[in-house]
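I opened this entry to record what I looked up in the structure. The notes are in the order in which I took them.

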Amino acid sequence: MQKNIAKTLFWQANTLYLLDQLVLPGKVLYKKCKTYKDVSEAIKNMIIRGAPAIGVAGAFGIVLAGIKASRFSPLEKLSYIKKASILLISSRPTAVNLKWAVERMVKVAEKSVNLNPQNYINVLTDAAFEIYDEDIAVNKKMGELGARLLKKDSVVLTHCNAGALATAGYGTALGVIRTAYKDGKIKNVFVDETRPYLQGARLTAWELQQEKIPYTLITDNMAGYIMKTNRIDAVIVGADRIALNGDVANKIGTYSLSILAKYHKIPFYVVAPVSTIDFNTTYGSKIVIEERSADEVLKINGKEIAPKGTTVRHPGFDVTPASNITMIITEKGVFKPNKISTLKKIK
Ligand code: MRU
């Protein structure tokens, strides 16, 4: 499975290549990143997006910083890596995987500060690949656990893109859908287009089409009508940050979907690795919600759609209360949201 999907990111000759998600599905182009600043810009501009994917990109950002600093003195190395980590973490504020992955890399860089330049680079590169490989492995595990919750020929609805493109590969919510499809459990997937970035229309539809998984695209405001008039067996989404009380930050629109699902008595599943749990945040209301530019709402494909001077709000995410979530599927098991705090932080 997932054989046809272009890689979200790859590493070659000390360069990070990111699949440019801004031009998908029309073009398959890779953006070259040679410095940690290039990586930070690409994360900010959403060339790469999705919580686990930006974590992995951030990890390779630290490798790029390490390559630059490899001949510096130990003290200079430490300060250069610190500076790079601050910039990388600040690239996007809501998805906690970015902070988690970059901090894990900083610890490796600190421990390796006395190594010779080549060994220092090798250790950092291996550590970033470990994060990459782990991400694919946990997605497959979540796929397996999540698919067990679905019955044969299910019709599901998903929001945003929580697929291979939002991770190192396979996907979280879409990973569950992939495994369930393989097991004969998916009849159709309703895909929310996900305004304003259209991750659903451009990315999720692209992934599903490549794998020949049946799907139907809807605009976000159709979800209620579809739930009322169609059989929907489950809503399955990813997450950008999970608070200890089980509240979940995810793409804007997830909260509204959760209310619709509750009203229509449809199970609402969140699929996310333990690295998406923020063990320092007790409640969802404490999660920082990224506000993005007005332009992204005012324009579609570069074309203005509202009168000049229109006031805009553009929160990139919202918080779904634990009470609207049926289960959270992690690689460590399936939990009721109020039990998520029993999990242990991973290194
Ligand atoms: O703004 P984005 O596209 O980075 O937002 C992505 C999402 O909200 C995804 O649903 C989330 O990161 C889970 S992805 C595995």
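Predicted model: local features only at pLDDT ≥ 70, side-chain atom pairs only at ≥ 80, totals over all residues.

**Helix pair H2 and H5.** I found helix H2, residues 51–69, packed against helix H5, residues 117–147, at an angle of about 175°. Angles over 145 degrees count as roughly antiparallel, and H2 and H5 are therefore roughly antiparallel to each other. Their axes are 9 Å apart.

I then listed the residues that make this contact. From H2 they are Pro 52, Val 56, Ala 59, Phe 60, Ile 62, Val 63, Gly 66 and Ile 67. From H5 they are Tyr 120, Ile 121, Leu 124, Thr 125, Ala 128, Phe 129, Ile 131, Tyr 132 and Asp 135. Sorted by class, the contact of H2 with H5 has 14 nonpolar residues, 2 polar and 1 charged.

**Helix H5 by itself.** I checked the length of H5 against expectation. With 31 residues at 1.5 Å a residue, H5 should span 45 Å, and its end C-alpha atoms are 45 Å apart, which agrees. I also asked which residue caps the N-terminal end of H5. Asn 116 does, with a side-chain oxygen 3.1 Å from the backbone nitrogen of Gln 118.

**Helix pair H1 and H3.** I repeated the exercise for helix H1 (residues 36–44) and helix H3 (residues 74–90), which pack at an angle of about 10° with their axes 9 Å apart. Angles under 35 degrees count as roughly parallel, so H1 and H3 are roughly parallel to each other. H1 contributes Tyr 36, Lys 37, Val 39 and Ser 40 to the contact, and H3 contributes Tyr 80, Lys 83, Ala 84, Leu 87 and Leu 88. I counted the contact of H1 with H3 by class as 6 nonpolar, 1 polar and 2 charged residues.

**Ligand.** Which residues around the ligand come nearest? Of the 19 residues there, I noted Arg 49, Arg 92, Asp 240, Asn 250 and Lys 251. I then looked up polar distances to oxygen atoms of the ligand. A polar side-chain atom of Arg 92 lies 2.8 Å from one such oxygen. For Lys 251, a polar side-chain atom is 2.7 Å from a ligand oxygen. In the side chain of Gln 199, an N or O atom is 2.8 Å from an oxygen atom of the ligand.

**Backbone.** I noted a cis peptide bond between Leu 24 and Pro 25, with omega about 5°. Pro 25 sits in the loop between strand S2 (15–19) and strand S3 (30–33). The bond from Arg 195 to Pro 196 is also cis, with omega near 0°. I placed Pro 196 in the loop between strand S5 (186–192) and helix H7 (199–210). Last, Asn 14 has a positive phi of about 55° although it is not a glycine. Asn 14 lies in the loop between strand S1 (9–12) and S2.

Notes:
Residues numbered from 1 in each chain as written. Heavy atoms only, no water. Axes fitted to C-alpha atoms, helices over the stretch in contact; angles between N-to-C directions. Helix = DSSP H or I, 4+ residues; strand = E, 2+ residues; numbered from the N terminus. Parallel < 35°, antiparallel > 145°, perpendicular 65-115°, else oblique. Contact = heavy atoms within 4.5 Å. Nonpolar A, V, L, I, M, F, W, Y, C, P; charged D, E, K, R; others polar. Expected span 1.5 Å × (residues − 1). Polar contact = N/O pair within 3.5 Å; in protein donor to acceptor, adjacent residues only side chain to side chain. Near = heavy atom within 4 Å.
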